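The stops below are meant to be taken in order.

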Amino acid sequence: MGLHPEPLPNGRGALVTLPFGPAPLPTLGRPRRLEAVRFATVGTDRIKCLAPRVLFYLPLIPITDCETREDLEARIRDAWRARLDALRRARGWLEGLGVEAQAPNDTPQWTFPLPIGDGSGLASCTEPGKVVLPSVGALAGVALEDPKDRTLTVDRTLASAVDLEIAITNQIESLGRAHAEREARRRQRGLLLDPPPTAAERQHLPPVLLLGPGLEAQQTLHESLRLRGFRVSAVRSIQEAVEAFQEASYELVLAEASLDRGDGIETIPAIRGLPGMARVPVVIVDDRFRQARRETAREAGASGYLTQPLDVGRLAPTLTRLVTRPRHRRFTRYARPLAVCWRGTRDGEVAAVVGRGGMFVRTEHPFPQNACERFELYLPDFGQGVAVESEIVYRLAGGATSPAGVGIRFRGFPDGGESLWIAWLRSLEPAGTTG
């Protein structure tokens with residue numbers, strides 16, 4: 001096809017930049033002219049659009065019978081037209097009810113507020129008769145047994161916005177009651193209790209990102225992970241996960257298999273397609289075992305497939321191996337000289353290779369292995385420096401063909417400079433690859 005795929009490190013997919021023709025792309029607002037579309041392959045027969053962001057909301061697109069670049073472009077345009085057609089019909093349905101909906105930031109979905117709680121909850125709609133419920137009222141912080149329950153199929157005989165609000169409110173309250181009853185039964189059976197962590201399990205580990213409303217709401221899971229040394233963050237959608245990686249470098253992702261508006265397996269190409277990312281482990285978490293979904297996750301490059309409920313005590317050693325195994329670098333490394341100073345002094349050396357999670361510093365200083373040190377990194381292109389808490393993970397004595405130095409793993413950014421560090425690393429990417 002004349003394209004130049006960039007193989008993902010796991011060998012189970014590739015990143016591709018597809019030049020787009022001059023015909024503008026219709027949107028909910030003004031048509032947009034696209035220079036190119038960035039996508040990742042998923043398995044052997046589907047792709048996931050990553051950039052521009054407006055196309056990120058499309059589901060996986062089948063490409064089995066595509067033979068040329070033009071075929072690929074036509075398939076993407078067809079998927080987008082189908083989404084826009086559903087959105088136009090959804091807008092007509094909402095307007096017929098008297099609902100005032102908007103598409104924030106030109107995203108391909110209609111949202112409208114609900115008079116529940118503080119009024120900040122937004123329901124969303126992408127096709128007539130179906131509404132995605134927000135986590136407000138009785139569903140605030142609730143993990144549903146089946147994520148599909150969050151999509152309400154509305155009686156098409158409803159006549160007004162008030163009728164729609166009543167239907168949504170009743171469904172939220174019904175789902176909330178059912179969830180409360182299930183949690184009460186689980187507590188009675190002792191299923192929410194965790195075994196006490198061992199001393200080894202309390203050792204510090206890199207941060208983990210939980211993706212999906214169900215995992216976000218499981219506070220017992222969060223606390224169990226924290227007790228074992230994990231730093232836990234949670235987001236609800238794939239888009240929020242992508243944005244989270246602009247601020248921090250998570251070394252493990254647990255993603256729900258079914259999300260409100262997508263497939264959790266799409267998380268894998270979405271995150272590994274980000275600039276600077278490589279072998280970040282992504283584990284798919286399903287509400288129950290499904291052999292077909294397990295195989296799909298494996299083909300997409302998932303690092304594991306788990307089912308609810310998660311037993312952190314049993315899983316902790318496996319999760320630890322995923323984030324500590326030395327042969328699996330999680331982040332792209334860049335050969336870029338960088339001034340490094342330590343212990344609040346001006347004494348320092350030069351980093352020869354840098355990455356999101358660490359760097360290699362050329363030095364004769366006798367840093368002991370596993371020592372924790374604080375370094376200052378000066379970013380010349382930005383004219384600023386960032387402080388980093390780090391651990392010495394290995395030493396090289398040096399020789400005729402290799403310099404002496406230490407491998408450093410980042411443990412934290414005490415002054416909140418991680419987003420600046422990530423932005424600087426992204427600036428090292430070749431032009432046109434930053435999405």
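Predicted model: local features only at pLDDT ≥ 70, side-chain atom pairs only at ≥ 80, totals over all residues.

Residues are numbered from 1 along each chain as its sequence is written, and side-chain values use heavy atoms, with hydrogens and water left out.

**Stop 1: a loop and a hairpin**

Select Thr 27, which sits in the loop between strand S2 (14-19) and strand S3 (36-42); helices (H or I, at least four residues) and strands (E, at least two) are DSSP runs, numbered from the N terminus. With a relative accessibility of 9%, Thr 27 counts as buried, where buried means under 20% relative accessible area, exposed over 50% and partly exposed in between (1.4 Å probe, protein chains only). A polar atom of the Thr 27 side chain lies 2.7 Å from the backbone oxygen of Arg 30.

Continue to S3 and S4, which run antiparallel and are joined by 5 bridges; two strands pair if DSSP finds at least two bridges between them. The hairpin of S3 and S4 has 3 residues between the strands, and there Gly 43 takes a positive phi near 65°. Val 42 has Arg 46 in S4 as its bridge partner, and Arg 46 also stands opposite Pro 62 in S5. S4 pairs with strand S5 (residues 61-62) in the antiparallel sense over 2 bridges, and 5 of the 6 residues of strand S4 (residues 46-51) are buried.

**Stop 2: an open sheet**

Next, select the 5 strands that form an open sheet with parallel pairing, in the order S11-S10-S12-S15-S16. Strand S11 (231-235) and strand S16 (304-307) are the edge strands, each pairing on one side only. Neighbouring strands of this sheet are turned by 20° against each other on average, direction ignored, with axes taken as lines fitted to C-alpha atoms. Strand S10 (residues 207-211) and S11 run parallel and are joined by 5 bridges, and Pro 207 has Arg 231 in S11 as its bridge partner.

**Stop 3: two helices**

In helix H5 (residues 219-227), display Leu 221, His 222, Ser 224 and Leu 225, which are buried. Seen down the axis of H5, the buried residues fall within an arc of 165°, so they line one face of the helix; the arc is that of the directions from the helix axis to the C-beta atoms. Gly 229, with a positive phi near 95°, follows H5. Helix H2 (residues 69-97) is followed by Gly 98, whose phi is positive, near 85°.

**Stop 4: aromatic rings**

Which aromatic pairs can be displayed among the 6 that the structure holds? Rings of Phe, Tyr and Trp (its six-membered ring) pair if their centres lie within 6.5 Å, and planes under 30 degrees apart count as stacked, over 60 as edge-to-face and the rest as tilted. One of the 6 aromatic pairs is that of Phe 360 and Tyr 394, whose ring centres are 6.4 Å apart with planes at 15°, so the pair is stacked. Phe 360 lies in strand S19 (residues 358-362) and Tyr 394 in strand S21 (residues 384-396), so the pair ties together parts that are 34 residues apart in sequence. Phe 360 counts as buried at 9% relative accessibility, whereas Tyr 394 is partly exposed at 33%.

Another stacked pair is formed by Trp 421 and Trp 424, at 5.5 Å centre to centre and 25° between the planes. Both residues lie in helix H10 (residues 418-427), and both Trp 421 and Trp 424 are buried.

Definitions and conventions: Polar contact = N/O pair within 3.5 Å; in protein donor to acceptor, adjacent residues only side chain to side chain. Axes fitted to C-alpha atoms, helices over the stretch in contact; angles between N-to-C directions.
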